Amino acid sequence: MTYSILENYLKSKGDFTNNDVNYITNHFKLKKVKKKEIIIDFNQVSNAFYFVNKGALRIFTINKKGVELTRFFTFENSFCTALPSFIDQKPACEYFQAIEPSELLEIKRNDFYKLVDQYSDFDKIYREILERSFINNQKRIYSFQGYAAIDKLKLLLETYPDFLIRVPNNLTASYLGISPSTLSRLKSKL
């Protein structure tokens, strides 16, 4: 059961045999994390990728005024890590944290890249992760440059309809770059 979500994910993304799937999943180890647990700390080098079986995670930093700025959320059936640190092996300039009790499947960096080299379909999965990261970052940049707060919220809800149910208001506001009181006002207009 622990690996069934990942197995289904792999089969949906590529032409993997059952032996391939078994070989790939054997590189992952179960990691259970508590709500608010830091998975990758600021200035820590990211040496693993995580597949989210259950739960929700966020990537954030803290500005000079002590305000948390959330950059990214991820939920079940997806991969996530502090990607810049994972790629260049330099300390992360952000925190990677569980916002719910979460069940993750962890794969070490060397094993991850070994699978990328061994399987063209796993390489395709990695390329999709990178492309989605790029697209998400572009959308965030554009939304911060020209979208009104209500439009940012609507865009978020189009992408993740149950976002406001799972993510606390203060974290949602941090992600949208607005105050919690502004978020409360906007939610009443939806």
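Which residue lies over the face of Phe86? Select Phe86 and Arg109 together: Arg109 lies over the ring face, 5.7 Å from the ring centre. Here a charge sits over a ring if NZ of Lys or CZ of Arg is within 6 Å of the ring centre and within 35 degrees of the ring normal.

Before the tour continues, some conventions apply. The model is predicted, so local features need pLDDT of at least 70 and side-chain atom pairs count only at pLDDT 80 or more, whereas totals for chains, interfaces and linings use all residues. Residues are numbered from 1 along each chain as its sequence is written, and side-chain values use heavy atoms, with hydrogens and water left out.

**The whole chain**

Display the complete chain as a cartoon. Its secondary structure comprises 9 helices and 8 strands; helices (H or I, at least four residues) and strands (E, at least two) are DSSP runs, numbered from the N terminus. The radius of gyration is 17 Å, close to the 16 Å that the globule rule gives for 190 residues, so the chain is as compact as a globular protein of that length. This radius is taken over C-alpha atoms, and the globule rule is 2.2 Å times the number of residues to the power 0.38. Along the principal axes, the C-alpha trace spans about 55 × 35 × 30 Å.

Now switch to a surface. The chain exposes about 10,400 Å², of which carbon and sulfur atoms supply 51%; accessible areas come from the Shrake-Rupley method with a 1.4 Å probe, and for residues only the protein chains shown count as cover. Of the 190 residues, 43% are buried. Buried means under 20% relative accessible area, exposed over 50%, and partly exposed in between (1.4 Å probe, protein chains only). Among contacts between residues at least 6 apart in sequence, 71% join residues at least 24 apart, a contact being heavy atoms within 4.5 Å.

**The annotated domain**

Select residues 24-133. UniProt, in an unreviewed entry, places the feature "domain: Cyclic nucleotide-binding" here. UniProt positions are given in the numbering used here, feature names are shortened, and annotations may be inferred rather than shown by experiment. Over residues 24-133 the chain is 29% helix and 39% strand, and the end C-alpha atoms are 23 Å apart.

**Aromatic rings**

Show the side chains of Phe, Tyr and Trp. A search of the whole structure finds 24 aromatic pairs. Rings of Phe, Tyr and Trp (its six-membered ring) pair if their centres lie within 6.5 Å; planes under 30 degrees apart count as stacked, over 60 as edge-to-face and the rest as tilted.

Centre the view on Phe112 and Tyr126. The ring centres are 5.2 Å apart and the planes lie at 80°, so this pair is edge-to-face. The pair links distant parts of the chain, with Phe112 in helix H4 (residues 109-118) and Tyr126 in helix H5 (residues 120-146), 14 residues apart. Phe112 is buried because its relative accessibility is 1%; Tyr126, at 8%, is likewise counted as buried.

Phe163 belongs to helix H7 (residues 163-166) and Tyr175 to helix H8 (residues 169-176), 12 residues apart. Both Phe163 and Tyr175 are buried.

To view a cluster linked by ring pairs, select Tyr9, Phe28, Phe49, Phe51, Phe79, Phe86, Phe112, Tyr113, Phe122 and Tyr126. Then select Arg58, whose charged end sits over the ring of Phe60, 3.7 Å from the ring centre.

**Single residues**

Select Ser85 in helix H3 (residues 83-88). Ser85 is buried, with a relative accessible area of 4%. Residues up to four places away in sequence aside, Ser85 touches Gln44, Val45, Ser46, Lys90, Pro91 and Ala92.

Asn43 is in the loop between strand S2 (38-40) and strand S3 (48-54), and is exposed, with a relative accessible area of 52%. Asn77 also has a positive phi, near 65°. Asn77 occupies the loop between strand S5 (68-74) and strand S6 (78-80) and is partly exposed, at 39% relative accessible area.

Finally, select Ser179, in the loop between H8 and helix H9 (180-189). Ser179 and Thr25 are 154 residues apart in sequence and 42 Å apart in space, C-alpha to C-alpha.
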